[in-house]
Amino acid sequence: METEDKSWFRKYAPWIIPFILCYLIFASLIYTPQIQNNAFLVKSWFTQLNLTSSSNAGGIGKQIQTSKSNLSTLQNKLSDLIPDKPYVIVNTTDNRFELRNSKDTIRTGVCSTGKDVLLIGPKGKKWLFKTPKGMFSVLLKRKDAPWIKPDWAYIEEGVKPPSARSEDRIEYGSLGKYQISIGDNYMLHGTLYKRFLGLPVTHGCVRLGDEDLEVIFNNLEKGSKVFIF
Amino acid sequence: MAKKTLFWSITLLLLLIVVYILTTTVIMPVVTQNPLLDTATSKIETKVDKSVKKSEKPDNQVKKSVKGEKVSKKSEPKDQEQVVDEKVITGSQGDQLTLFELKKTENLLRSRYNLASEDSMYLVLDLIDKIASIELKGVPLHKSKITDFSISNSIKMFHTEQLLHWISQPFLLKNSVSTIARVPIAVVNAPKDTIEANSNTVLPTAPVREDVYLILNFERNLQLIIQQEEISEGKSRVDSLKLSYKKKEIDKTIKSLTTTKRELVNPQIVITLKKSDATILYRALPLKPKMVLRM
């Protein structure tokens, strides 16, 4: 019995080698990047760092000094890029805002930004309700200004828009107490729907709560920056 | 006897195949390629030449430091000529390492300063301080803590001036694959009347946060993978994205076996962020953003 077992082992054991080789073929096809990565590690054992060479401490000392002075110059230049006046940063993904003065945060809170909807009107006309991203400047600050309802506001409600100069378009109170225009009809303004603050529900403007809006309105001047990302 | 011959023939054939595959896909690329140099040197050297030419202008043409969006190309730092293409040379090992680190920081600041003159948002990836931030016009808009990261050995082994060259200019994104939509736009047809409009009214709810896995392929062969810290529940999009990407990689490997053209090794950086941060980062950046790297 024992001799039978041994002969079976002797007969089939060598076939493990081709099996291992087959496995290696598949593994090397599937895990090429990982094997390459490990191969680079092996290569690094045989590669000297280029940082070492003959001694010239004076030269390197000078370079370190130059580098340090360059660093401080660049840091100053980068600091100069931060706006002097208070500015607002709007995060459209989290629907949050931050009012900053230089590098200090004055106030943070929730806001509402664009709902990212493409409305297709009856004649194929399209409106994209999305808050634009980038850097904007405050162009105009207004108090208690009415909202002149655009066409999409009617089309969205299934109503035919009135004529462009119709007084029916004028609506008071919808934009809250303060309005801060940043161009292309986009504004930072108040809202009647405070329960939706923190959600993406607007047609592109940035809606804020009453207190937040007041603080922002009082801090921003014409020309102040509004960063939206 | 016949079985022995068959065994040795098969073994030899398989062995040859293994050797061929490993030589073509691993040994030759690793031995002959320098992933940081092969793609980087030519581009960077031309850029350096330009910067040197610019710096040759008289000082009065180099405008004084400007603020905000008015950063002009003329205002590139005067000191650029001194550093960008310098080699790390001589001195004690400690001094050399100090200089090396200083230069890396300097690269980061210079790239940030130069990118501030552009209108697009850019990504600043600081693997030393473990921070990924989005900036615009030099203003950091959002900072995310990198909870974990790994750098492939193909980058680590070039911890020399080659690395300085490689990271001295911002990386431009070539293409990206992700599990989330960059802009999740919903298309809505206008209601015909007020009845339809009222019936369509849905109370807004907070958007569902999908699992995030991003593969960003930058120029100079760099691949940045951004994964979420949170463990995804069940079979997610992340798994299917990883699987499809794996298939592509296998196809690429098989293709390289049949052609003489060798695929470049991708230096890879994998970072882990909170899901919310990864989403913000991907959605905030433009389609072809630039990235500044410090490592």
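How are α1(B) and α8(B) oriented to each other: roughly parallel, roughly perpendicular or oblique?

## Basis

This is a predicted model, in which local features need pLDDT of at least 70 and side-chain atom pairs pLDDT 80 or more, while totals for chains, interfaces and linings use all residues. Residues are numbered from 1 along each chain as its sequence is written, and side-chain values use heavy atoms, without hydrogens and water.

## Helix pair in chain B

Helix α1 (residues 2-32) of chain B packs against helix α8 (residues 237-258) of chain B at about 105°, with the axes 10 Å apart. Axes are lines fitted to C-alpha atoms, for helices over the stretch in contact, and angles run from 0 to 180 degrees between N-to-C directions. α1(B) and α8(B) are therefore roughly perpendicular (65 to 115 degrees).

Y20(B), I21(B), T24(B) and T25(B) of α1(B) meet T253(B), S256(B) and L257(B) of α8(B), contact meaning heavy atoms within 4.5 Å.

An open sheet of 3 strands has the order β5(A)-β4(A)-β6(B), with mixed pairing. Strands are DSSP runs of E, at least two residues, and two strands pair if DSSP finds at least two bridges between them. β5 (126-129) of chain A and β6 (186-189) of chain B each have a single partner strand, so one side of each lacks a neighbour in the sheet.

Strand β4 (residues 117-120) of chain A runs parallel to β6(B), joined by 4 bridges. V117(A) has A186(B) as its bridge partner.

## Chain B totals

Chain B has 295 residues, 49% of them buried (under 20% relative accessible area, 1.4 Å probe, protein chains only).

Note on methods. Chains are lettered from A and ligands numbered from 1 in the order in which they are written. Angles under 35 degrees count as roughly parallel, over 145 as roughly antiparallel, 65 to 115 as roughly perpendicular and the rest as oblique. Buried means under 20% relative accessible area, exposed over 50%, partly exposed in between (1.4 Å probe, protein chains only).
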